[in-house]
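Open the model in your viewer and keep the selection panel at hand. We will go from stop to stop, selecting as we go.

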Amino acid sequence: MTAENKGGRDSFADAGRSKASEPPSPELKKERDAFIQSFFQKGAQLTQDLVSENARLRHRLANVERENAQLLAQVKSDDAIRELLKKIDGLEREKEQLLSHYRRAEAESTRWVGEYEQMEGELANFANLYVASHQLHSSLGLAATARRIKELLEQLMGASMFAVYLASSDGRKLVPIVSDGIDHPKAVPVKPDDGGIGEVFTTAVSRIEKGDLTRGSLDHPLALVPMKTEDKVIGVLAVFATLEQKPKFMPVDYELFKLLGAHAGGALIGARLFADAGHKIPSFDSLFDAEM
Amino acid sequence: MADYSCLIVEDSPMMRQLIVFALARVKNLRVTEADDGVDGLRKLASSRFDIIITDINMPIMDGLKLVKRVRSDPIHQGTPIVIITTEGSQEDRQRALQLGANAYITKPIQAPQVIAKVKELLKIE
């Protein structure tokens, strides 16, 4: 430090001391008071601003924290949703597999039910044929055999107007020996080309209506079946009308017609011969003596 | 040992045999046969039956008279009755049902139909 500098500083201190000892001028005092007032006002304003800013920042922080919490919750929720979606996918696949199994099982079950019903139907048809055959041959009495043929046609096949014709001994006409629903059935002449009973007798070919049975009448037979014994036609079975509830011949009816065609004639002839023999059962010897 | 018993009243041996064959498909069902309405009443007097199957047109006593008698009998009045007949008209059906028959089946019969009706009335699965 130089001497000049040292001297300068002292003179300034002296000046200050001299001024402090003197009362400030009113202008200066006024200026000082205004300065102090302004200073404190600015300080108060600044403090006020700081407090406000602090409050705003606190509010903002609270908002940010809340938003953050929400975002965190959402992320967690999204994870849970993703997990759930994955589970739903798995369950959907499982459901598809189960549905596929179910559909296969249902188809199988339907197939079995169909086969079961078909078998039940076939069993019922066999039962019909068995009963018809059994009843047809269960008697050697002429009246009983004729009655059973009637029952078979009426009760098993639903015929309401029918007749069973046998050829006369000269073979020129067919005589009704069993009938129902016809007043005074008449014998019909055997004509090979009459398109009806006579023709079926001559040709030995059945004529059975395959469609609607409601239009049957004496002039329009629904079924004409030749009755054979030992490959020889001995008569004709004719159905002219069926019961109201029988609109169509069923498959079993065709089989019953075949059975009647093959057995009814034989049963009637057997019954007739048995009656001629005085209802005597042949002895074992007479059976043995016959050509066997 | 049969769980159920059935009385068939039918004058035609052929139909009786056919119905017996059909009902053989129903498990634990004992079947008794009667030739006509009077024979049916005789059998009803000596045994109890869970179901009765009857024809309408029969000699001596027809099926409708039998239905009437059964419905007025305190022991059998609740027994289900199935009519099996050739009479297919709506009037015949109505008359039989009004007299107390539970079901009406027309001939020619289909065995599965008879089986189903008997099972239904006996409440067999």
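A crossing is left-handed if the near helix is turned anticlockwise from the far one by less than a right angle, and right-handed if clockwise. Helices (H or I, at least four residues) and strands (E, at least two) are DSSP runs, numbered from the N terminus.

The model is predicted: local features need pLDDT of at least 70, side-chain atom pairs count only at pLDDT 80 or more, and totals for chains, interfaces and linings use all residues. Residues are numbered from 1 along each chain as its sequence is written, chains are lettered from A and ligands numbered from 1 in the order in which they are written, and side-chain values use heavy atoms, without hydrogens and water.

**Stop 1: two helices of chain B**

Select residues 37-46 of chain B, helix H2, and residues 63-71 of chain B, helix H3. Their axes come within 9 Å and cross at roughly 25 degrees. Axes are lines fitted to C-alpha atoms, for helices over the stretch in contact, and angles run from 0 to 180 degrees between N-to-C directions. The angle makes H2(B) roughly parallel to H3(B). Angles under 35 degrees count as roughly parallel, over 145 as roughly antiparallel, 65 to 115 as roughly perpendicular and the rest as oblique. The crossing of H2(B) and H3(B) is right-handed.

Now show side chains. B:Gly37, B:Leu41 and B:Leu44 of H2(B) meet B:Leu66, B:Arg69 and B:Val70 of H3(B). Contact here means heavy atoms within 4.5 Å.

**Stop 2: two helices of chain A**

Move to H2(A), residues 26-136, and H3(A), residues 142-156. How far apart are their axes? They are 9 Å apart, and the helices pack at about 160 degrees. That makes H2(A) roughly antiparallel to H3(A). The crossing of H2(A) and H3(A) is right-handed. Among the contact residues are A:Ala132 of H2(A) and A:Ile149 of H3(A).

**Stop 3: the pockets**

A pocket is an open set of points on a 1 Å grid over the protein atoms alone, where a 1.4 Å probe fits, with protein on both sides within 12 Å along at least five of seven lines; lining residues have an atom within 4 Å of a point.

Select A:Tyr165, A:Val188, A:Ile197, A:Leu218 and A:Phe240. Of the 18 residues lining the largest pocket, these lie nearest its centre.

Next, select A:Gly121, A:Asn125, A:Met250, A:Val252 and B:Gln110. They are the closest to the centre of the second largest pocket, which 15 residues line. H2(A) gives the largest share of this lining, four residues.
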